[in-house]
Amino acid sequence: MSLDPTQPRTANRHESGDLPATEEHDLPPGRHQFHKERLMSQIHDDRRAAAPRNPFLRKAILLPAATALAGALAVGVLLLTPGGAQGPGDLAAGPALTTSIGTVDAHGAPRLLDRISLAAAGADAPKGRAGQYLYIETRAANTHVRTVNGVSSLVSVPLHTRQTWRSPDGLEGWLVEPGTTEPGGITLAGPDETGNTPKPHLGAPTHDYLATLPTDPDALLRKIYEETEGQGNGKDQQAFTTIGDLLVESWPSPQLTAALYRAAAKIPGVVLVDSATDAAGREGVAVARLDETSGVRTEWIFDSKTLTFLGERTVQVKGSGGEGGLIKPGTVVFTHAIMVRAFVDDIKVTP
């Protein structure tokens, strides 16, 4: 791979100051969903044995939620404002990121996903002009085990912002993520590890590629199962993970988004969780699935009233995880909130 972390970097988005100084952070093991572009694949290969995923930092946007959303949608921007203050049971600042884990309804997910899919189908379609880039800003944090000289300890990577710019065809792009890139970011352009132009697929989709996916839920789920066969901890868990990837790190059309939710409703083991809080402190209801191998439950979090997709988190809910069993039940292994999705005129430009 030709990516060079020493290249000049860009500044943070409009609502925050300078990005924190770069630190070396191990990336989380397990959930690698939103790091599937070429750069993140390389980083995962290098560091995956040591930790989970990487995080973000964001200042609240000082607009009433309804006003901000209405204005944003008018110009083709999806902007999700933070909720109220975080309580002690929502997202702790200590090394465990402990949380309340909500109550599971084993039979409520299909009905909720049907409502969510109807709401998604009625949303405005992403609108971009020729030559524009898809900008996605997220906020996240994670907890992982780090082992140095045979001694393991629990480490939390604090909330910080991850910004990506990608051309619809995926050939041009830029990433800014504290702890992974230098403050200005790093290019995502260039050939893959073999020197060839990367071909988009479900694990590394482009905006143009999403437009080719079937919007029939059965055909879509069949394609997901076929293309991810042999990956992850079982076909059903991997299918759920793959759909979550598409929801978080891209901007599918309303028709495809609705189909993804309807496809998820057909996956065995998908449940409803009555309460979950995303990385921005926004409370909602979740659709989730437990990975029986790791004991980690992946939750897609939705606003309880509007059914807007807010983000996702993974929580240790069964047994202890990580090396030495240091990750105890109730630990948020990873939390990830979508803050802004928009088309912009160039790389490093923010809405």
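**A charge over a ring, and its surroundings**

Tutor: Lysine 348 places its charged end over the ring of tryptophan 174, at 4.3 Å from the ring centre. A charge is said to sit over a ring if NZ of Lys or CZ of Arg is within 6 Å of the ring centre and within 35 degrees of the ring normal. The model is a predicted one, in which local features need pLDDT of at least 70 and side-chain atom pairs count only at pLDDT 80 or more, while totals for chains, interfaces and linings use all residues. Residues are numbered from 1 along each chain as its sequence is written, and side-chain values use heavy atoms, with hydrogens and water left out.

Let us turn to isoleucine 347. This residue belongs to the segment that follows strand 11 (332–344); strands (E, at least two residues) and helices (H or I, at least four) are DSSP runs, numbered from the N terminus. Isoleucine 347 counts as buried because its relative accessible area is 18%; buried means under 20%, exposed over 50%, and partly exposed in between, with a 1.4 Å probe and protein chains only. Apart from its neighbours within four places in sequence, isoleucine 347 is in contact (heavy atoms within 4.5 Å) with Tyr133, Trp165, Glu172, Gly173 and Trp174. From C-alpha to C-alpha, isoleucine 347 and leucine 175 are 9.5 Å apart in space, although 172 residues separate them in sequence.

Which residue forms an aromatic pair with tryptophan 165? The chain has five aromatic pairs by the rule used here: rings of Phe, Tyr and Trp (its six-membered ring) pair if their centres lie within 6.5 Å, and planes under 30 degrees apart count as stacked, over 60 as edge-to-face and the rest as tilted. In one of these pairs, tyrosine 135 and tryptophan 165 are tilted, with 5.1 Å from centre to centre and 50 degrees between the planes. Because tyrosine 135 lies in strand 3 (residues 133–148) and tryptophan 165 in strand 4 (residues 151–166), the pair ties together parts that are 30 residues apart in sequence. Tyrosine 135 and tryptophan 165 are both buried.

Is the residue asparagine 149 buried or exposed? Asparagine 149 is situated in the loop between strand 3 and strand 4. With 79% relative accessibility, asparagine 149 is classed as exposed. Its phi is near 55 degrees, a positive value in a residue other than glycine.

Leucine 307, however, is buried, since its relative accessible area is 10%.

Together with Tyr261, Phe302 and Phe309 form one aromatic cluster. Tyr261 is among the buried residues of helix 7. Nine of the eleven residues of helix 7 (residues 254–264) are buried, so this helix is largely enclosed by the rest of the structure.

For the setting, the protein chain contains seven helices and eleven strands, and buried residues make up 53% of its 351 residues.
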